[in-house]
Amino acid sequence: MISFEEAMETVLKHARPLPPVLTRIEDAVGRTLLEDVASATDMPPFDKSAVDGYAVRAAGVKPGVELPCRGLIQAGADFKRPLRSGECVKIMTGAPVPAGADAVVMVEYTLEKNGLVKFSAGIGRGDNIARRGEDVKRGQRILRRGTVISIEHIAALAAAGRAEVKTGALPSVALVNTGGEIVPPGRLLGRNRIYNSNGPMLAAMLRTDGVHAAPVIARDEPKALRAALARALKADIVLVSGGVSMGDYDLVPGTLKALGVKQLFHKVRVRPGKPMFFGVKGRKLVFGIPGNPVANFMAYLAYIRPAIRSLASRPDCAPKFRDGECAVKFEPRTPRRALVLSKVCARNKYALYGIDNNGSADILALAEANCFTMIKEKGSVKKGGSAKFLRW
Ligand code: AMP
Ligand code: MG
């Protein structure tokens, strides 16, 4: 039986990046940028009015001065000739400032009557003009390779002229929930049945990582299970819940091996999630998770999300355990590493509270918690002691 750390490392070691793909920028949030992006244009691309008003030569504008207005420049349009001294032209925000003009007076400081504009204030050279290239020069790098794209980057990519960027690829994921007792929520719950918690929960967790997968339920019956797993093995990552422990109907590891999956581990010294199966078939990754929902939740955070990120070339793959302080005594009473459902509150330190629970099937305890507190093998931590925690 391997340690929790060895298990996490083994998964990451086998989760090698997929080939890069072109991604539309609106779909690129959360993806790793796999190229340096330079702007195809100056930003702004031309001298542009920052206000609605009148383009002028600043030297000729004083309070009380009146100038003839020679036309109107709409955003996207052009004034065909240079502006001469002793005249002005009406201009809208975002329109190009004509040659010859060196300032724009806000409409609020003007009064137009019969083609004459009277100014109530003077103006400095350059006022209310956004100069070509003042934000970004053409060819300038705006985002570096390796950046994880976030929403605030999208407008910059668009302004730089990019509709698509080269990014890491998201793996396809197949989701199989095994067990003759499992029923999809929304159906009538028959005798001795239980609703499928793992499927929707894992599907929802996958979505937070940009992956869409629909849960499939498979009975613990060799033929049905083999067919479901063979189909699932078309994906880059296969997630199977249930059927991986020592029961007479825990057929998943044997069936996976029969389908050519090479086992890398099958037991981890951790609670929850001891009978955890991990294997590979070529570059495909296969996770067999014990049926209890808390174990599935933990497995997602500790192994599956890191694997997805690694395939997607993300720099931040390994789960991030932080240091906290136990606000109560933690005494998990297990010879294995314990991940205890807890609530962390940010004070001057991160204070950790255990959540009362009835074990790995206690879904409401999971709903109340916001982290796992990690307690070492056979260990306990007294109130005020320190422990690492994994927050979600
Ligand atoms: P197993 O790992 O198949 O032995 O299942 C362990 C426990 O988890 C059993 O009590 C199952 O009924 C329960 N279980 C298995 N799969 C699911 C699921 N998809 N949703 C909720 N509970 C499950
Ligand atoms: Mg089962």
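Which strand holds Thr23? Thr23 belongs to strand 1, which spans residues 21-24. The model described here is predicted.

## Buried positions

Thr23 has a relative accessibility of 5% and therefore counts as buried, since the cut-off for that class is under 20%. Its side chain makes a polar contact of 3.4 Å with the side chain of Arg31.

Ser342 is part of strand 23, residues 337-346. With a relative accessible area of 0%, Ser342 is buried. Between Ser342 and Leu256 there are 86 residues of sequence separation, and their C-alpha atoms are 34 Å apart. Thr255 sits in helix 5, which covers residues 252-258. Its relative accessible area is 12%, so Thr255 is buried. Thr255 is 253 residues from Ile2 in sequence, and the C-alpha to C-alpha distance of this pair is 22 Å.

Where does ligand 1 lie in the protein? The space that ligand 1 takes is the largest pocket. There are 15 residues around ligand 1, and those that come nearest are Glu181, Asn196, Ser197, Gly243 and Gly291. Sorted by class, this shell holds 10 polar residues, four nonpolar residues and one charged residue.

In the side chain of Asn196, an N or O atom is 2.8 Å from a nitrogen atom of the ligand. For Asn198, a polar side-chain atom is 3.2 Å from a nitrogen atom of ligand 1. With Asn292 the protein atom is a backbone N or O, and it lies 3.4 Å from an oxygen atom of ligand 1. On its own, ligand 1 has 480 Å² of accessible area, of which the protein covers 78%.

## An exposed proline

Pro63 lies in the loop that runs between strand 4 (53-56) and strand 5 (66-73). Is Pro63 buried or exposed? Its relative accessible area is 59%, so Pro63 is exposed, the cut-off for this class being over 50%. Tyr109 is 46 residues from Pro63 along the chain, and 9.2 Å separates the C-alpha atoms of the two.

## Backbone geometry

Most peptide bonds are trans, and most residues other than glycine have a negative phi.

Pro44 is located in the loop between strand 2 (37-38) and strand 3 (48-49).

At 25% relative accessibility, Asn128 is classed as partly exposed. Arg333 is placed in the loop between strand 22 (321-326) and strand 23. Because its relative accessible area is 67%, Arg333 is exposed.

Terms used:
Residues numbered from 1 in each chain as written. Chains lettered and ligands numbered in written order. Predicted model: local features only at pLDDT ≥ 70, side-chain atom pairs only at ≥ 80, totals over all residues. Heavy atoms only, no water. Near = heavy atom within 4 Å. Polar contact = N/O pair within 3.5 Å; in protein donor to acceptor, adjacent residues only side chain to side chain. Areas by Shrake-Rupley, 256 points an atom, 1.4 Å probe, with all protein chains shown as cover. 1 Å grid on protein atoms, 1.4 Å probe; cavity = no way out; pocket = protein on both sides within 12 Å on 5 of 7 lines; lining within 4 Å. Sits in = over half its atoms within 2 Å of the grid points. Nonpolar A, V, L, I, M, F, W, Y, C, P; charged D, E, K, R; others polar. Helix = DSSP H or I, 4+ residues; strand = E, 2+ residues; numbered from the N terminus. Buried < 20%, exposed > 50% of the residue type's maximum accessible area, 1.4 Å probe, protein only.
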